[in-house]
Amino acid sequence: MRAIVVSATGGPEVLTYTDHPDPELNPGDVLVDIAAAGVNFIDVYQRMGRYPLSLPFVPGNEGAGTVAAVGEDVRDFSVGDTVAWAGVMGSYAERTVVPASRLLSVPDGVTADLAAAVMLQGMTAHYLTHSTYEVKPGDDVLVHAAAGGMGLLLTQIAKLRGARVIGTVSTEEKEKLARQAGADEVLRYSGFSEAVRELTGSGVHVVYDGVGAATFDGGIASLRPRGMMALYGQASGPVAPVDPQTLNQHGSLFLTRPTLAHYVAARDELVWRASDVFGWVASGQLQVHISRRYPLAEAAQAHEDLEARRTTGKILLIP
């Protein structure tokens, strides 16, 4: 099969489109012909070596496609089923093997492209708004990078839960996207914490920050007493060490650095989050903005565009 292989960490140029051995089907596994693979910042971090992996590896943490074969002891999936996954490596390829325990059926009304686009980010937005900080009606929520793939989903799900959403963006075009997703207020990054204070008086209940170094301090300053900073990514770079006394000085704040794997470790929790997300997509309550589809061979260009902020919403690789 053809796949993207990383043999040395570095820039987008290390993403090599090449022949690669077909994946081996073991008991409990499902072999999938990939229809689409999602591109995420975690793929960038792994490619750079910021999140170290054994070399060589096939990147890609989410995707969707059609079941080609099932291993022994697999009872819940059959050849021809449309399925999706997140948090399983190897999606930048024509085929991959996924443990049946981590695989999900894609319901009618959700295409493979949509499933691939919403799995990782949709479930991340779900755990952030339902578990890390349970958003309640009337809460003030700050969403950074509100026009990105995560930001658009976070904004919509927070609105479904009754929040007032304040988003940050870098351009007028991105502001329009954030407002279309339901953001009540949209700010530029410069001076955003002061603007948040003017809008809310006492600050927001929660900050959802996938940007990291560039926005962290302002996010802390945007929180009301006993508010929560949910730092779920670091697109602008890692945050410097934090003195816990800072949390006290700003009002007994909470700081967490969550990741999806810990919120879908149990099968029932995985199914709950994915079922909610797929249900919202199928009913039209959650709109998934796919900005670009790249051929698998152009994975390096997809990474370049993602890192340079030339994309909005979600981008996919198509084998």
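**A first look at helices and loops**

Mentor: This is a predicted model.

Trainee: What kind of peptide bond joins L55 and P56?

Mentor: The bond between L55 and P56 is cis, with omega at about -10°.

Trainee: And helix 1 itself, which of its residues are buried?

Mentor: The buried residues of helix 1 are D43, V44, Y45, Q46 and R47.

Trainee: What do the buried residues of helix 1 pack against?

Mentor: Their partners are strand 2 (15-19), strand 3 (29-38) and helix 9. Just after helix 1 comes G49, whose phi is positive, at about 90°.

Trainee: Which residue other than glycine has a positive phi near 75°?

Mentor: That residue is D73, with phi near 75°. D73 belongs to the loop between strand 4 and strand 5 (82-86).

Trainee: Is D73 buried or exposed?

Mentor: D73 has 58% relative accessibility, so D73 counts as exposed. A further case is R309, a residue other than glycine with a positive phi near 65°.

Trainee: Where is R309?

Mentor: R309 is found in the loop between helix 9 (299-307) and strand 15 (314-318). Its relative accessibility is 37%, and therefore R309 counts as partly exposed.

Trainee: Changing topic to helix packing: at what angle do helix 2 and helix 8 pack?

Mentor: Helix 2 (residues 112-132) and helix 8 (residues 267-283) pack at an angle of about 115°, and their axes are 9 Å apart. Helix 2 is therefore roughly perpendicular to helix 8.

Trainee: Is the crossing left-handed or right-handed?

Mentor: Helix 2 passes helix 8 in a right-handed crossing.

Trainee: Which residues make the contact?

Mentor: From helix 2, the contact involves L114, A115, V118, M119, G122, M123, H126, Y127, H130 and S131. From helix 8, the contact involves L270, W272, R273, A274, D276, V277, F278, W280 and V281.

Trainee: How many residues of that contact are nonpolar, polar and charged?

Mentor: The contact of helix 2 with helix 8 has 13 nonpolar, 4 polar and 2 charged residues.

Trainee: Why do residues three or four places apart in an α-helix point the same way?

Mentor: An α-helix has 3.6 residues a turn, so residues three or four places apart point the same way. With that in mind, one can look again at the list for helix 2, which includes L114, V118 and G122.

Conventions
Residues numbered from 1 in each chain as written. Predicted model: local features only at pLDDT ≥ 70, side-chain atom pairs only at ≥ 80, totals over all residues. Heavy atoms only, no water. Axes fitted to C-alpha atoms, helices over the stretch in contact; angles between N-to-C directions. Helix = DSSP H or I, 4+ residues; strand = E, 2+ residues; numbered from the N terminus. Parallel < 35°, antiparallel > 145°, perpendicular 65-115°, else oblique. Left-handed = near helix turned anticlockwise from the far one by under 90°. Contact = heavy atoms within 4.5 Å. Nonpolar A, V, L, I, M, F, W, Y, C, P; charged D, E, K, R; others polar. Buried < 20%, exposed > 50% of the residue type's maximum accessible area, 1.4 Å probe, protein only.
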